[in-house]
Amino acid sequence: MSGDMTGTEAGLAGALALAAHYFPRKDDEGHVLAGFEEATFFAHRKPQAWSEWANLPTSERNLIRQVMTLMAQEWTDPKKLRTSVLAMLGVLSSEPDIADRSGGSLRLPPGDPHLADAAIPRMGGDFLGYVQRVTGPFFTFGKRPKAQAFAGPGKLKTRTAYLGPEHGTTSREIFIPATPDFREAPGHEFLPQVHTRPPRDRVAPTVEQLLEVAKTLSGQDKSVRYLHKVLKRFFKSMKTTTGAMTELDLTAGDLQLLNAPTGSGKTVLVRVLASWAALNDRRIALAVTDVRATLEMAWDINNDLTYLHKIKRLTEPTHCTPLMSPSSMHRRAMDYAALGTSTQIDEWDRRARTDIGLLSTGCAQRALMDPPTLYPYGEENCTSLTSEASGSNRLTCPFAPTCGKFQQFYRATNAAVIVTNHANLLEGRTRIGVVLDGQEFRGQARGTRGMSVLEMTLRACDALVIDEIDAFQTAAISRCTSEITLASRKRTTALREIDSDAKNLPVVHEMGLVSPVSHARLMAEMLLLWLCSGRGLKLNPGNETDGPDGAGRDNTGWRLAHSRDREILQILFPEATAAEDIPPELFAFLNEIMPARWYGSEPDEEELDLPEGADWDAVRTALIALTAQRGQDHLTDTRDEMRKLLLGLVPDAHRQAAVINLLVTRTVLRELDGALDELRAQAQTLRYLDLGSVRKILETMRSSTVATLYPLAMLGRSIHGYQVKGMDNKEKEAELLSRSFGGDPHTFVSELGPV
């Protein structure tokens with residue numbers, strides 16, 4: 001039945017219903033068909049490509065967004081979508097009627113189901129109503145991760161972590177005493193309270209209104225008398241497609257660009273716009289380039305708001321709050337202090353003391369552990385405490401509501417203006433959680449965990465203004481990377497944690513995780529052990545062409561699965577690769593001899609003619625043995641077999657060993673690419689389960705904000721790089737890292753308005 005659907009099944013059923021509604025086809029008997037090809041459109045998550053998108057009412061657009069969020073990335077391929085439909089309808093089961101997960105709302109046309117290109121929806125003709133029924137339950141507040149509980153008084157344990165060679169892998173027990181005001185753990189009512197602003201179609205200050213505000217602000221003192229003059233000149237020079245600018249029209253759902261040269265007055269406009277918003281009961285968020293610019297803008301706007309209240313233009317005092325990453329505040333404070341005019345803080349001016357006050361934090365836990373500096377600044381146990389009562393469930397530090405790190409989020413909930421930097425807007429998180437729109441469960445406040453700074457500002461503000469949009473796009477591109485430790489000799493890795501936590505999931509979700517996480521663990525851990533074992537395998541070996549010391553380079557730098565393909569081909573086919581441009585057929589040949597997923601190619605595809613010189617089918621078989629070990633380590637067997645197979649093609653022993661090394665590592669890294677992509681996709685299907693294990697898995701495989709909204713990368717797949725570290729002390733320090741790039745940052749920036 002539909003009530004038992006998983007999130008991805010609901011997304012699949014919803015996509016078919018939407019296809020029947022918006023792109024209907026009919027069979028010979030007049031039945032409306034939901035085409036698989038049409039349904040793949042919703043898996044791409046780019047509705048703006050549809051010419052009718054802008055004409056749809058908001059309710060329908062939100063419904064389509066729900067379906068897109070639930071759909072698997074692989075369903076951009078209609079063949080894979082069809083396979084999933086057959087599985088959902090129970091066609092692949094011996095008891096299809098019982099195994100039908102659609103509850104009878106979908107059936108296949110007569111004929112061979114494996115050749116079907118559409119389904120017949122049975123939804124009473126109300127396709128949109130059906131979509132809301134099956135997808136709506138996954139978008140209630142209860143489906144969002146619940147914020148952690150606060151710790152109470154008593155004995156607590158910090159997280160176990162590797163804290164450098166002096167301390168090794170360790171943790172500490174701390175005791176927080178009870179006080180008259182702290183006899184039990186605080187509830188979620190002590191979290192920041194975020195309220196979603198009512199939707200507004202337009203925020204449209206007129207030029208006249210903005211100039212009036214600028215004129216008022218220019219009366220503060222001589223340091224700001226330029227505001228009105230600069231803004232007046234700016235508006236005089238600004239033109240629109242219809243002539244002179246009369247109002248600054250910020251329309252809901254649009255991303256509007258204001259293009260003007262440096263020094264023309266854009267920053268003055270943003271500053272005045274913030275005061276206009278405060279005067280007109282609007283809340284506005286500003287995104288500037290960096291933390292310095294954030295502090296500077298917040299200082300100026302707070303002075304303006306104070307002045308407006310002083311002259312009675314504002315009836316109540318209000319403020320502007322800067323938001324910054326809590327984990328980097330201490331480092332920023334040290335950098336700020338190092339650039340100060342004096343080492344004595346009491347000699348600083350009021351502006352500098354205010355800025356350092358916003359950046360400075362102190363951790364109450366440090367006084368309770370020995371040594372106090374055990375954990376690096378920025379990596380304190382804010383959300384990683386445990387107790388005997390909580391077991392492995394993590395608790396939030398009870399000092400968080402008064403901690404300097406998190407006070408910014410409390411101040412932001414009632415601020416007239418929020419200012420943050422590009423990086424924090426893209427990747428910042430509230431960390432301790434928030435209570436969204438007064439949500440309660442059984443009469444108690446219910447906090448939401450992990451809300452991003454982007455969502456918080458979009459919910460809490462009527463408009464978002466981004467300064468230097470080109471720099472923002474650059475930041476979006478750089479934030480599409482994520483790094484995890486795949487295998488390690490010194491710490492518990494991400495893959496091991498996921499493997500352990502998966503056992504606490506419902507069967508259908510554990511089943512989806514077991515295969516990719518097990519295969520990724522096998523490949524990653526075996527690769528690290530092979531590199532450490534002294535068996536001559538190198539992840540990123542040098543080459544004579546790299547320079548005098550190139551051939552001696554060992555494992556340094558990042559390696560992509562395909563980054564050494566040109567070198568492999570030059571060793572195997574020196575004559576065919578003598579020219580600068582290598583024939584593309586040879587690059588395709590390398591993929592052809594790799595172990596392939598059984599569904600990776602269609603039977604009717606034209607087979608590639610393999611070059612002469614070796615038994616390439618036997619080479620592929622040897623590499624398959626390496627990736628499907630069945631309880632045995634086949635590295636030595638594979639390398640020995642490949643030496644025999646490539647002897648006629650590459651007789652030189654040194655070059656032969658080099659190409660075998662490159663082929664072996666290419667094979668393993670290619671397997672890791674596929675397993676990690678599948679693991680990330682499966683992890684995202686868990687976000688609707690409010691379980692502690694799910695939270696840990698999602699944190700471990702955390703995707704960027706961009707990749708979460710637009711998971712399909714620009715190239716159609718993610719890019720993974722690999723690096724090995726700690727080889728100077730292999731037994732205790734060696735680690736294999738992966739850095740991945742995914743998502744579509746260009747689409748994210750261009751479509752930020754509709755988000």
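**Setting up.** I am working with a predicted model, where local features need pLDDT of at least 70 and side-chain atom pairs count only at pLDDT 80 or more, while totals for chains, interfaces and linings use all residues. Residues are numbered from 1 along each chain as its sequence is written, and side-chain values use heavy atoms, with hydrogens and water left out.

**Backbone.** I kept in mind that most residues other than glycine have a negative phi, and most peptide bonds are trans. I looked up the bond from aspartate 370 to proline 371 and found it cis, with omega near -5°. Proline 371 sits in the loop between helix H12 (350-359) and helix H13 (407-412); helices are DSSP runs of H or I with at least four residues, strands are runs of E with at least two, and both are numbered from the N terminus.

I placed lysine 312 in the loop between helix H10 (291-310) and strand S15 (320-323). Is lysine 312 buried or exposed? Lysine 312 is exposed, at 69% relative accessible area (buried is under 20%, exposed over 50%, partly exposed in between, with a 1.4 Å probe and protein chains only).

Arginine 431 also went on my list, with a positive phi near 65°. Arginine 431 lies in the loop between helix H14 (422-427) and strand S17 (435-436) and is partly exposed at 27%.

**Sheet.** I traced an open antiparallel sheet of 4 strands, ordered S21-S24-S23-S22. Strands S21 (481-488) and S22 (559-560) are at the edges with a single partner strand each, so one side of each has no neighbour in the sheet. I noted 2 bridges between S22 and S23 (719-725); two strands pair if DSSP finds at least two bridges between them. Arginine 559 has tyrosine 722 in S23 as its bridge partner.
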